There are 2 protein chains.
Amino acid sequence: MQNRSYRIVEVREQVLADNGKAAEKNRECLKQNGSFLVNLMGSPGAGKTSTILKIIEKLREKYRIGVMEADADGDTDAAAIGKTGTRVIQLHTGGLCHMDADMTGRGLLAFDIKDLDLVILENVGNLVCPAEFEVGADLRIMILSVPEGDDKPLKYPLMFSISDALLISKTDTEGIFDFSRDLAVQRALALNPDLSVFFVSAKTGEGYDEFCRFLDQKISAKRYLSAGKEEYE
Amino acid sequence: MQNRSYRIVEVREQVLADNGKAAEKNRECLKQNGSFLVNLMGSPGAGKTSTILKIIEKLREKYRIGVMEADADGDTDAAAIGKTGTRVIQLHTGGLCHMDADMTGRGLLAFDIKDLDLVILENVGNLVCPAEFEVGADLRIMILSVPEGDDKPLKYPLMFSISDALLISKTDTEGIFDFSRDLAVQRALALNPDLSVFFVSAKTGEGYDEFCRFLDQKISAKRYLSAGKEEYE
């Protein structure tokens with residue numbers, strides 16, 4: 001039994017090392033095209049697609065947006081995004097529980113990102129595996145919905161640790177579920193003091209203005225830094 | 001790149017073949033001890049622990065129950081189960097996104113199951129990976145909560161395909177979320193016509209009597225069959 005678990009660990013390390021190289025390639029590709037990549041993660045039904053629809057609504061005038069929908073199967077989310085007129089591709093992971101950097105790179109290629117400012121990857125609905133595979137994103141955003149409970153940072157610490165921003169979603173249902181904002185935020189910040197936290201509701205619209213300002217600033221900051229660097233090269 | 005994805009597939013096949021053997025060992029161990037194993041799966045926050053508390057409440061007089069709580073980290077669920085006086089162990093997967101048969105076997109050993117009639121494994125909160133790894137359970141039960149949405153069978157088909165029973169939970173919130181019972185059930189049964197479907201709410205208590213009668217019947221049926229077989233051996 002010992003023997004077997006060692007073997008699995010070796011394989012995982014090799015896979016993760018390869019993944020790191022592919023992520024670096026994606027970062028280079030994004031930089032050359034002047035594109036900004038968001039990796040959006042969270043449990044099934046946390047509100048990832050609703051959040052993307054809000055981002056499109058609020059930032060479509062300023063940025064050319066593309067969306068990559070990753071799912072084990074199906075195309076319901078891609079159809080929902082497509083209705084807004086936004087460019088969208090559906091990626092099927094063939095049952096795999098996460099997107100890795102290589103798959104993301106193939107998505108970027110298929111997309112022809114040179115005329116896209118902002119690319120949003122909606123990762124597979126999963127609070128565990130996507131946290132282990134960097135895809136070369138400029139910003140990692142995770143969503144925790146109120147119905148999931150305020151104890152999730154205790155059970156799924158890696159996702160909270162590697163994310164740049166946390167959206168606590170479906171806040172309109174706080175009266176129904178036993179969910180403490182304070183506890184959720186304390187537990188998340190204990191894992192990752194740098195996490196930017198936003199409370200949002202796609203139903204009432206709460207919080208999305210503030211969150212989209214934050215996203216806008218991050219995109220602007222990358223452009224500013226890239227431009228400055230080129231100037232001095 | 002082609003090369004790399006082939007390699008991963010080979011590894012997965014080997015891992016799954018090893019897992020099948022370990023699952024068979026677990027089935028043999030359960031049979032010898034006259035124990036019944038439930039593998040309980042679902043997204044983070046779907047209501048797995050609440051369901052176990054309901055099963056304990058309704059079946060503790062009839063069966064000696066033990067609970068194995070599997071989490072990437074933490075022990076909040078084990079603490080909640082422990083308060084009822086039920087035997088419980090916490091299994092840490094070390095960040096892994098699912099329980100496999102070998103880990104489950106180690107849990108059964110640690111538990112000393114000979115004086116347990118019913119062992120419930122609460123798998124890692126994840127709608128993807130646990131579906132791929134059989135653990136040797138007598139019954140696979142999945143939970144889909146109303147807040148997750150009725151489109152989940154389209155996106156996570158494998159979990160619905162391999163489960164014996166589906167609990168649609170948090171039905172008390174149906175007025176708040178855009179969830180169609182009919183659509184959810186149609187989509188689930190299209191994948192798996194043999195699925196037994198129950199609607200439950202831990203808050204109102206709806207459906208747990210019916211579900212626990214179903215579980216009771218399954219446990220009784222295994223005992224009846226085992227006894228009959230021994231008689232003719």
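Strand 5 of chain A and strand 6 of chain A (residues 165-169) pair in the parallel sense over five bridges, where strands are DSSP runs of E with at least two residues, helices are DSSP runs of H or I with at least four, both numbered from the N terminus, and two strands pair if DSSP finds at least two bridges between them. This is a predicted model, in which local features need pLDDT of at least 70 and side-chain atom pairs count only at pLDDT 80 or more, while totals for chains, interfaces and linings use all residues. Residues are numbered from 1 along each chain as its sequence is written, and chains are lettered from A and ligands numbered from 1 in the order in which they are written.

Seven of the seven residues of strand 5 of chain A (residues 139-145) are buried, so the strand is largely enclosed by the rest of the structure; a residue is buried if 20 or more other C-beta atoms, placed from the backbone, lie within 10 Å of its own, exposed if 12 or fewer, and partly exposed in between. Leu139(A), Ile141(A), Ile143(A) and Ser145(A) point one way from this strand, and Arg140(A), Met142(A) and Leu144(A) the other way.

Leaving aside residues up to four places away in sequence, Leu167(B) touches Thr51(B), Ile141(B), Ile143(B), Phe198(B), Val200(B) and Phe211(B), contact being counted when C-beta atoms, placed from the backbone, lie within 7 Å.

Turning to the two chains, chain A can be laid on chain B with an RMSD of 0.0 Å by a turn of 180 degrees and a shift of 0.0 Å along the axis, the superposition being by least squares on the C-alpha atoms of residues with pLDDT of at least 70 in both. That is the relation of a two-fold axis, and the C-alpha of chain A nearest to the axis, that of Asn126(A), lies 3.0 Å from it.

Between the chains, 37 residues of chain A are in contact with 37 residues of chain B. Helix 1 of chain A gives the most to the side of chain A that touches chain B, with five residues. Because 100% of the interface residues of chain A are also interface residues in chain B, the copies meet through the same surface.

Conventions. Contact = placed C-beta atoms within 7 Å.
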